[in-house]
Amino acid sequence: MKIFQLVLVLLLVCSCNTEYNSPNLHETQNLTTYVVPTIGTKNMGHTYPGATAPFGMVQLSPETNQQPMFIDGIYNPDTYRYCSGYQYGDSTIFGFSHTHFSGTGHSDLGDFLIMPTAGKLKLDPGNSKIENSGFYSKFSHENEHAEPGYYSVLLDDYDIDVELTASERVGFHQYTFPKTDSAHVILDLISNIYNYDDKNVWTFVRVENDTLVTGYRQTAGWARTKKVFFAMSFSKPFHNYGHKKYDDVVYNGFYRKFDEENNFPEMAGKNIRAYFDFTMLENEKLKIKFALSSVSTKGAMKNLVHEIPHWDFDKTKKETQESWNSELSKIIVETQTPEQKEIFYTALYHTMLSPIIYQDVDGRYRGLDQNIHITEGHTNYTIFSLWDTYRALHPLFNIIQPKRNNDMIKSMVAHYDQSVHNMLPVWSHYANENWCMVGYHSVSVIADAIVKNTTDINTNKALQACINTSTLPYYDGIGEYIEYGYVPEDKSSSSVSKTLEYAYDDWCIAQIASINGNTNVYDEYIKRSKSYNNVYDSIIGYMRPRLSNGSWRKEFDPVDTHGQGFIEGNAWNYGLYVPHEIDSMIIIMGGKDNFSEHLDMIFNTEIKDSQIAKNEDITRDGIIGNYVHGNEPGHHIPYLYNWTNHPWKTQERVRMIMETMYGNSEDGLCGNDDAGQMSAWYIFSSLGFYPVTPGSDEYAIGSPSVKSAIINLENGKTLSISTVNQGLNNVYVQRVEINGKKISGNIIKHKDIANGGNIVFFLSDEIGS
């Protein structure tokens, strides 16, 4: 070990002496080999290891436990651990379902769980703590493997080898069985993530023939009216099938004429498990293609035939992995260590798991109004976790995925057109608005794209959509915000967070108005953007909750993260959320040196367990002092030193966070990845800059951890990022040159990136001047 460490040190020293570190543009690399899909699957990262295509509608992944959302009517906190259906610490698999969120802090989905079994048929999934209590199986990580677009595992209880891959809309299963005359494929239509009694509204299944099954399920969960249709095709005929209904059937009409449970080609009810029986030879493979649609079973069939018209599993795997490699190749990096390369490319992979494509191959999709629409000139997307992703994920897309991001914005505008509230999405998925978190951050995503010229939407319509969204009086304190100039805590909880987020969003609307030349709207929203001043108490030096009578709420703890006017944060960290007027915020908080000291206090003062106990989204894994990297509101905080007299502290903090809060093992994420936001922070920071203020054309300088990078832009240009004297201890930036010219200040402009060229960071182990 000591010899290895010495060699590693020597290699790093040699790399530090290289004048300009830059990757070989002409070298063909299989970048999928650096992706570790199991990163974040342990503890609270909430990622999944299964197979999916970039931004794919299907996320085919194992469920390692089944936790109900409520036990005896009381919330079950263990359900939170299974937001993605998978926990690395488990040793059981209950099946493989086709829809999953990546990294969220609340959940839904887990649609259409399939489990292959052999031997005596069991239709109850069982309890993982009770041996042989159901159809679940034990497994070992030694016999499990995950890579982009592919997942495999051995089901120990049945000696069945499972392999999974996927196209954008179709999951592809391949099961290798032992010799048996009692092979079964269970289709569990009861199973859900965040399941509870009566979550299933209705399920309908048709056995079209002995190799094709179609149907749909409607659920009422986080998305309260979610319909997903499917088409399931087997590679060989089943010789027997049936189902069990777990409903209290009050009225079944004249279906009582039939033996519905055995070989009857219709299944309907709320809670159903179906099974299909096969005879299998030794090492014979059974394949299943499982297509999804939000529109109809006909749409699912179209998707199936269009995307995977064959039974060549390896062909689909190869095509999907080639697609992944193409997407990952948008950024080619050389890192200081192999571990950093795995962290980087896994983070980049995680940024491309959502939003997901949400339309059939013919352009049809289910809209927010539950009607069927056809896209015109764009691809429709869903899963907009906007309180998280407006901060860094969508700004990252404006660099490496501008066409997709443009389609995502058009999808948001389509949501607005279909909304009975005339609102852009807040947090939406599967043709539903779920209203999670605070703010109206679609406007930030739209403004960022307009300012950076990466969208061709009608800016007048976009502005009107933003205005309507920001003036809906019955949404989350907006009426009071307009009336009082802040959200009063006695009228609407988490009032300080709402006021701060609304003020920033209003600044974004002002930027759109300015580009449109609408001075009246600009003036109105610039005024609204200063509302943060109305919740700042200059006597105590903190943002704090204010009441509707104008007084401050007396009971206030600036460090507690619960019930103090902030959502998932406190006054120390969330109270610094004024990204659009940082200089003004620093002035009211006592000036640059005082503000720098406050930032130091955040990082150096440990928060007490009692002050985070009531927030399941804040855990010790993601905390440095009072800085919570495991949650989004503070992601900009390390970069705020750039606005003080101590910008070197940004460089120091950012490198420390990358080193301690990210890893290449299963617990390599310090909190929820939150639909890619946590990973997007890492991508930006490792490249040396970060979008502190989305909606502007500026990025704050940090300290790159990569030796070099090439960003392959969609416009055909390339941006080269190089470092001089890179090293694990050389975190301080002495100067930055763009195309050979030294920049002044700590800002990089978007045009410096979008136009391609060269950015060089000169690094040292000593603080720069």
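**Figure 1. Helices and strands of the predicted protein chain.** The protein chain holds 17 helices and 40 strands, where helices (H or I, at least four residues) and strands (E, at least two) are DSSP runs numbered from the N terminus. Its radius of gyration, taken over C-alpha atoms, is 26 Å, close to the 27 Å that the globule rule gives for 769 residues, so the chain is as compact as a globular protein of that length; the rule is 2.2 Å times the number of residues to the power 0.38. This is a predicted model, in which local features need pLDDT of at least 70 and side-chain atom pairs count only at pLDDT 80 or more, while totals for chains, interfaces and linings use all residues. Residues are numbered from 1 along each chain as its sequence is written, and side-chain values use heavy atoms, with hydrogens and water left out.

**Figure 2. The open sheet S33-S34-S39.** Three strands form this open sheet in the order given, with antiparallel pairing; two strands pair if DSSP finds at least two bridges between them. Strand S33 (689-690) and strand S39 (747-749) stand at the edges with a single partner strand each, so one side of each is left without a neighbour in the sheet.

**Figure 3. The pairing of S34 with S39.** Strand S34 (residues 698-701) runs antiparallel to S39 and is joined to it by three bridges. Tyrosine 699 has isoleucine 748, in S39, as its bridge partner.

**Figure 4. Burial in the protein chain.** Of the 769 residues, 64% count as buried, meaning under 20% relative accessible area with a 1.4 Å probe, protein chains only.

Note on methods:
Buried means under 20% relative accessible area, exposed over 50%, partly exposed in between (1.4 Å probe, protein chains only).
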